[in-house]
Amino acid sequence: MSVRSAEGVAFEATVPLAVVGSGAAGLVAALAARDAGAEVVIFERDASPSGSTALSSGLIPAAGTRFQRAKGIADTPELFAKDIQAKAHGKADPAVVEAVARAAAPTLEWLADRHGLDFVLLESFLYPGHSVLRMHAQPQRTGAALMGALLAAARGTGIDVVTSAEASALYADPQRRVRGLTLLRPDGSVERIGCGALVLACNGFGGNKEMVRRYIPEMADALYFGHPGNEGDAVRWGEALGAATRHMGAYQGHGSVAHPHGILVTWAVMMEGGIQVNSWGRRFSNEHQGYSEQAVAVLSQPGKIAWNIFDGRCHAIAREFEDYREAEAAGAIRTAADVEALAAVTGAPADALASTLADIARYQRGEAADPYGRDFTRKPLLAPPLFAVKVTGALFHTQGGLAIDGRARVLREDGSPLPNLFASGGAACGVSGPAVSGYLSGNGLLTAVALGRIAGESAARLVLAGRSV
């Protein structure tokens, strides 16, 4: 992975705007640029576009959408930004937070009206950290469905998505203006493509073990639940061009991946009353802090596993998600008629499980306070039969990356923008602050989709103006 001098390089072809990566960030950037009137080509290393988007739950938070208003939900970008910063402990870049909070709702409505994406508002439960219901998804509620809809939109708009084309190097002039890129093909052949501007939408570095060990040592040996192609290309190119990076220790984890099945189990079961216990049958955290930091809590337990314990009401809500239905079909969801059966399923001591459930009953009745700070009084008491899923913690994607401004321009250390380089999604520093605890549910697709549109429009304005400043 390198940046080379553009001097004397003969490009086989030149495109006004190149986008590296065809996940949600790259596809939305390309759609926005095309709608703005720019010619754009996406270059994708895989034979079939998928990326981390396809592995996600496909949930996009947005404030003030017509989908919310139709359900009588009042929300504003200001409240959304406040929630983002509250979770990030006030350490996310205010300009980027404001930009994505304001852009999210118009972006979803534009995707719906202009490109035919069908969004629904999730109403079954409130995700941790959000003041109101604002999670939007495709009706299937999967990342694969979101990817399919975005790809169909790109094809319908005539955007070229060049697959099996791995960007391996950039070419730049002395002013750090990107002039083109090298593409490696599966047969070993090389193409050099020139460009007027470049959008990096190739996610973060979760698939790069050395970078994870360097920046996120607590997740160095954790299950990686993202796309293996996320190797930190954008960060390394940006640094070679003189770009700044921010919050490299930030990431989205998840404390609820069915083990050993490797299937995401929705956090709805926790938000609606479920608990996590370790192999000793004891709780070890406040499950409502957030599923991201819960990955660290789960990985600190014996064997790096925990058990999700919940009841039929939670089970019914969880079955709205395709991933959960897949876990059920794979045999990951166990059923127990009583505590003794639950002990047999989990291998935890029956007396410890009985004591844990009795404690929760007292917290739910308001007779005692949970020592971990969770409020159990707002949800019904767990009622048999109980359900159990063995889970582990995982790294989903990194949240640190290239420093950008509110126009998605990549910045140098002095805050000035590089001439024609833009970043969105996991390639850019997100809005989660510097640590895992700052991740607000949906931040990943928020910056993929909202920043994707901002990057595409900003890059389109640049190339259409015929200048690189």
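I am working from a predicted model, in which local features need pLDDT of at least 70 and side-chain atom pairs count only at pLDDT 80 or more, while totals for chains, interfaces and linings use all residues. Residues are numbered from 1 along each chain as its sequence is written, and side-chain values use heavy atoms, with hydrogens and water left out.

**Cores.** I looked up the nonpolar cores, meaning sets of buried Ala, Val, Leu, Ile, Met, Phe, Trp, Tyr and Cys residues joined through side-chain atoms within 4.5 Å, where buried means under 20% relative accessible area with a 1.4 Å probe and protein chains only. The largest has 93 residues, and L111, L150, L181, L198 and L200 have the most contacts inside it. Apart from it lies another core of 32 residues, with M135, W267, F284 and Y291 among them.

**One residue.** I then asked what L198 touches, taking contact as heavy atoms within 4.5 Å. Leaving aside neighbours within four places in sequence, L198 meets L17, A18, V20, L170, V178, N420, L421 and F422.

**Helix 10.** Helices (H or I, at least four residues) and strands (E, at least two) are DSSP runs, numbered from the N terminus. Helix 10, residues 291-299, is mostly covered, with 8 of its 9 residues buried, including Y291, E293 and L299. Its buried residues are covered by elements that include helix 4 (77-87) and strand 18 (386-398).

Conventions:
Buried means under 20% relative accessible area, exposed over 50%, partly exposed in between (1.4 Å probe, protein chains only).
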